[in-house]
Amino acid sequence: MSTQETAQAIIAVAKNRISFILAGIIIISGLIDVANMTVFGNTDTVLTDTAVAIVKIGMGLFIIFDPKRNLMRSVGFYALSLGIARIIASFPMLGSPSDLPFIVAIVMVVMGANLVYSGYSYLQDVSRGRFGMTLGSAALALIMAAALVSYVVAGDELEIDVTDIIVTVVYLIQYLLILVIMDSDEFRFSSWEEKSVRKMDDMRVMYTLTPGMYIPREDAKAIKHMFDDRSSWSEVDDGGPVECEKRLRLAEDKVTAVMIMQKWKDSDRIYFTVSTNDDGTILQANRFSVTDAVADDADDDKFMNIRLYADGTMLSNISVMPAELEEVSA
C-alpha cells in the first residue's frame, strides 16, 4: 500500500470515529436532559424536555446504527436533532401572552426548520447551510468558553453546580467538533453548485487536457513506447477485438481521469478511451485512435511532454508529472 493510500485509509477511519464521537455527544446531551428532570428536578415543562431528550438520544442511535453511515449523514442526523429539539423547545413560548417570548419562539421555530432542512440535505449527501452552521457553531463555542471562564473566575458568587459545568463542557465539545467537521472536504465541496461544477469538470477532462493535468513518468513511458514495448500491458481474451490493454490515470487537483489504451487484433493503431470512472459500465467517454506518439526528448528520464497523432494530425499533448509532484503524491 502506498503512502497516499495509507493516509486515505487513516483519514477514513478517523472520519468514522468522528461519527461515533458525535453520536456519543448527542446521546450524552440527551441523558443530561433526562438527569436534570429526574435527578435534579431542573425542568419547567416535563413533556417538552422529555421530547427533546428522546430526539437527541434517538438521533445519536440513528448515527451509530445507520447502515450507510458517513460523516455527512452523521452531521445530517445531528442537524435534525438540533432543529427538531429547537422547534419542540419553542412550543411553550408560542402560547405566551407576551409579545417578546412569542417573537423569540417564532424565530427559534424558523431556525429549527432551517436546521431540519439542512439535516435532510446532508442525509442526501448534499452540503447545505455550511456557512450558517459554521458561524453559529463558532458563536456558540465562544459563548460556552466564556461561560466556563466565568464559572472558574466567579463560580462561588454565581453558585454554579457541577451539572451546569458538565452541560457547558459537553456543548463546547459539540460545537468545536462541528467547526472541524464543517471545514472538511465533504462539506466544502458537496453543495449543489459544487457538484454541478465537478460534473462539468468530469466532462471537460475527458476531452481537454489542461496545463495542470499530469501523468506519472512511468505511465508516460508506457504511452511513449506503446508501439514497440507492451510487456507491461494486460492480455485480454474475452472474444472481442482487444488483444491487450493498459490503464493509466491522469490527475488535476480534485479531478481524475482514467485512460485505457488498447491494441486491437489486425490493427496497427492504439485505441484510447478516456473516462472519469473505469468502474462498472462506461457510457460517456472520449474514444479515439492513435498512429504515433512523439516525446519532446528521446531520454526516458528527461522528456516532459508527449504528443499523440492520428495520421499526421495531432490529437493531444500530455504533460509528464514533475518529480517534486510525484514525491508528494507517492
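Glu-218 is exposed, at 55% relative accessible area. Here exposed means over 50%, buried under 20%, and partly exposed in between, with a 1.4 Å probe and protein chains only. The model is predicted: local features need pLDDT of at least 70, side-chain atom pairs count only at pLDDT 80 or more, and totals for chains, interfaces and linings use all residues. Residues are numbered from 1 along each chain as its sequence is written, and side-chain values use heavy atoms, with hydrogens and water left out.

Start with the partner of Glu-218. Its side chain meets that of Lys-221 in a salt bridge, 3.2 Å from N to O. A salt bridge is a side-chain nitrogen of Lys or Arg within 4 Å of a carboxyl oxygen of Asp or Glu. Both residues sit in helix 9, three residues apart, so about one helical turn separates them. An α-helix has 3.6 residues a turn, so residues three or four places apart point the same way. Helices (H or I, at least four residues) and strands (E, at least two) are DSSP runs, numbered from the N terminus.

Lys-221 is buried, at 18% relative accessibility. Lys-221 also forms a salt bridge with Asp-301, the closest N and O atoms being 3.5 Å apart. This pair links distant parts of the chain: Lys-221 belongs to helix 9, while Asp-301 lies 80 residues away in the loop between strand 7 (292-295) and strand 8 (305-310). Asp-301 is exposed, at 55% relative accessibility.

Which residue of the loop between strand 7 and strand 8 pairs with Lys-224? Asp-300 does, and the two side chains meet in a salt bridge of 2.8 Å, N to O. Because Lys-224 lies in helix 9 and Asp-300 in that loop, the pair ties together parts 76 residues apart in sequence. Lys-224 is buried, with a relative accessible area of 14%. Asp-300 is partly exposed, at 23%. The whole structure holds seven salt bridges.

Now take helix 9 as a unit. It spans residues 217-224, and seven of its eight residues are buried, so the rest of the structure largely encloses it. The buried residues are Arg-217, Asp-219, Ala-220, Lys-221, Ala-222, Ile-223 and Lys-224.

A pocket is an open set of points on a 1 Å grid over the protein atoms alone, where a 1.4 Å probe fits, with protein on both sides within 12 Å along at least five of seven lines; lining residues have an atom within 4 Å of a point. The lining has 37 residues, with Leu-82, Arg-86, Met-108, Tyr-171 and Tyr-175 nearest the centre. Two or more lining residues come from each of helix 1 (3-38), helix 2 (46-65), helix 3 (71-94), helix 4, helix 5 (130-158) and helix 6 (162-182). Helix 3 gives the largest share, eight residues. By type, the lining divides into 20 nonpolar, 13 polar and four charged residues. Ala, Val, Leu, Ile, Met, Phe, Trp, Tyr, Cys and Pro count as nonpolar, Asp, Glu, Lys and Arg as charged, and the others, Gly among them, as polar.

Two loops between helices come next. Asp-183 lies in the loop between helix 6 and helix 7 (185-188). Asp-183 is partly exposed, at 47%. The C-alpha atoms of Asp-183 and Thr-134 are 8.3 Å apart, although 49 residues separate the two along the chain. Arg-69 is in the loop between helix 2 and helix 3. Arg-69 is partly exposed, at 26%. Arg-69 and Ser-19 are 8.1 Å apart, C-alpha to C-alpha, and 50 residues apart in sequence.

Finish with the backbone. Most residues other than glycine have a negative phi. Asp-266 has a positive phi of about 60°. Asp-266 sits in the loop between strand 4 (255-264) and strand 5 (270-275), and is exposed at 84%. Asp-311 also has a positive phi, near 55°. Asp-311 lies in the loop between strand 8 and strand 9 (313-320), and is exposed at 56%.
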